[in-house]
Amino acid sequence: ELTGLNQGLIQLPFSLFYFAFPATMMLTGTLLLPRFGPKHCAVAGGLIFGSGWLFAMLGKINFTFTVLGIGLIAGIGVGVAYIIPITVCIQWFPRQKGLVTGIAVAGFGGGAALVSLIGGILIDGWGLTPFETFAILGILFLILVPLAGLSMHNAPNEAEKKVPPLKPSAIVGRKGFQILYIAMFAGLAAGFSINANLKELYTGPSIKAGIIAISLFAVANGLGRMMWGAIFDRIRSYTAIQANLISQAIVLLIALLLFSSTFGFFLVSFLIGFNYGGVLVIYASAVARIWGNRSVAQVYGLLFSANILAAASPVLVGFSYERFGSFNFSICCLAILMLSAAFLVHMNATIIKQKGQAT
C-alpha cells in the first residue's frame, strides 16, 4: 500500500535475491575465497550488500532500482559473504562443526528478523517511506557488516595448510554430492513451500493466526539451526540427514489433520520451521566431514545452488492449490519427496561416509 505497487511486483526483489545469492555463493567458494581470503571476501560482501540497499532507495523514481538493488546487488553481496563465517567457524571449532554452523546461520536468520523489526519501526513509528528506510538500512549495513568482516580469519592450523582447490566437475560428478543435493533440495522445497503459504494453509476462524504462525516459524527456524547442529555433532552425517527428512515428512502428513485447529496450526508451523532450520546446518556440516574443513566453501557453495531449484516449489504449490482447491495434494507430494530422499540416503550411506578427497 505504501508503494502503490501490486503484490506481484513487490515480490520481484526477493525472487531475484534468492537467485543471485546462491549463484554468487558458488563463485565465492570456488574462485573468490581461495584467492582473496575470508576477511577480504567478508568486507567486500558487506560493502556490496549495503550498496544494494542504498541503490534500492532510488525505487521512488522507478521501482526497477529497488529490484536491482535489493534483488541483484544485495543478493550478490550476501553470496560473497554468507559462506565466510560458516567456513571460519568450522576451522576454529572442528569438533563442534554442527553447533558452530548452527550458531552462524542462526545469526543470519536472526539478523533478517531484526531488520524487519527496525524497518517496521522506521515506517510505522517514524513515518518514513520504504525507500527512505532502505537508505538508512543501507548505511547501517555499509558500516556494520564490513566491520564484522574484519574479524574473519582462518584458524592458524588451517592457514598453514596448502590444499589445492577441487575441480568442480569432480565434486558435482561424485555420487555422494548428488545424493546430498537431492536430499537438500527436498528439505528446502518443503520449507519454502510451507513458509510461503502459511497464511493460506490455515482453515480455522482466527484472522491473526497466519501472522502468529509466521513468527513461530521464524523463531523455530533459528532454534532449529542450533539444535540440529548440536544433534549433528553427536551422530553420523547420514543419520542426521535421514532424521531431518523423515521427521519433516511425518510433520507434513500430520499437518493434514491439524490445520483446522488453531493450536494444531501453530504446532505444525513451529515444527516445520524447526526442521527447516536444520537443513541449513546439517548439509554444510556434512560437507566439512566428508570433504574437509578447507573445502567447505567450495563444495557447499555448489551444494547451496539447490536453493535455486527449490525456490520454484512455492509457485508449483500455488498452481496445485488453484487446480485442486486445497494444499493436501501438494503436502502429500512433499512428504513423499522427503521420504524418497531419506530412502536414497539410507541406501547410499557408505558412499556419503567416504572422504571426498579420496575419490
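Figure 1. Thr-24 counts as buried because its relative accessibility is 12%, where buried means under 20% relative accessible area, exposed over 50% and partly exposed in between, with a 1.4 Å probe and protein chains only. Not counting residues up to four places away in sequence, Thr-24 touches Ile-76, Gly-79 and Val-80, contact being defined as heavy atoms within 4.5 Å. This is a predicted model, in which local features need pLDDT of at least 70 and side-chain atom pairs count only at pLDDT 80 or more, while totals for chains, interfaces and linings use all residues. Residues are numbered from 1 along each chain as its sequence is written, and side-chain values use heavy atoms, with hydrogens and water left out.

**Figure 2. Packing of helix H2 with helix H3.** The axes of H2 and H3 (residues 63-81) come within 4 Å and cross at roughly 25 degrees. Axes are lines fitted to C-alpha atoms, for helices over the stretch in contact, and angles run from 0 to 180 degrees between N-to-C directions. H2 is therefore roughly parallel to H3; angles under 35 degrees count as roughly parallel, over 145 as roughly antiparallel, 65 to 115 as roughly perpendicular and the rest as oblique. Ala, Val, Leu, Ile, Met, Phe, Trp, Tyr, Cys and Pro count as nonpolar, Asp, Glu, Lys and Arg as charged, and the others, Gly among them, as polar.

**Figure 3. Contact between helices H9 and H12.** The axes of H9 (residues 175-196) and H12 (residues 237-258) come within 11 Å and cross at roughly 30 degrees. These two helices are therefore roughly parallel to each other. Residues of H9 in the contact are Leu-180, Ala-183, Ala-186, Gly-187, Ala-190 and Ile-194, and those of H12 are Ile-241, Leu-245, Gln-248 and Leu-252. The contact comprises eight nonpolar, two polar and no charged residues.

**Figure 4. Tyr-283 and the largest nonpolar core.** This core has 97 residues, and those with the most contacts inside it are Ile-86, Leu-245, Tyr-283 and Tyr-300. A nonpolar core is a set of buried Ala, Val, Leu, Ile, Met, Phe, Trp, Tyr and Cys residues joined through side-chain atoms within 4.5 Å. Leaving aside neighbours within four places in sequence, Tyr-283 is in contact with residues including Leu-180, Leu-245 and Tyr-300.
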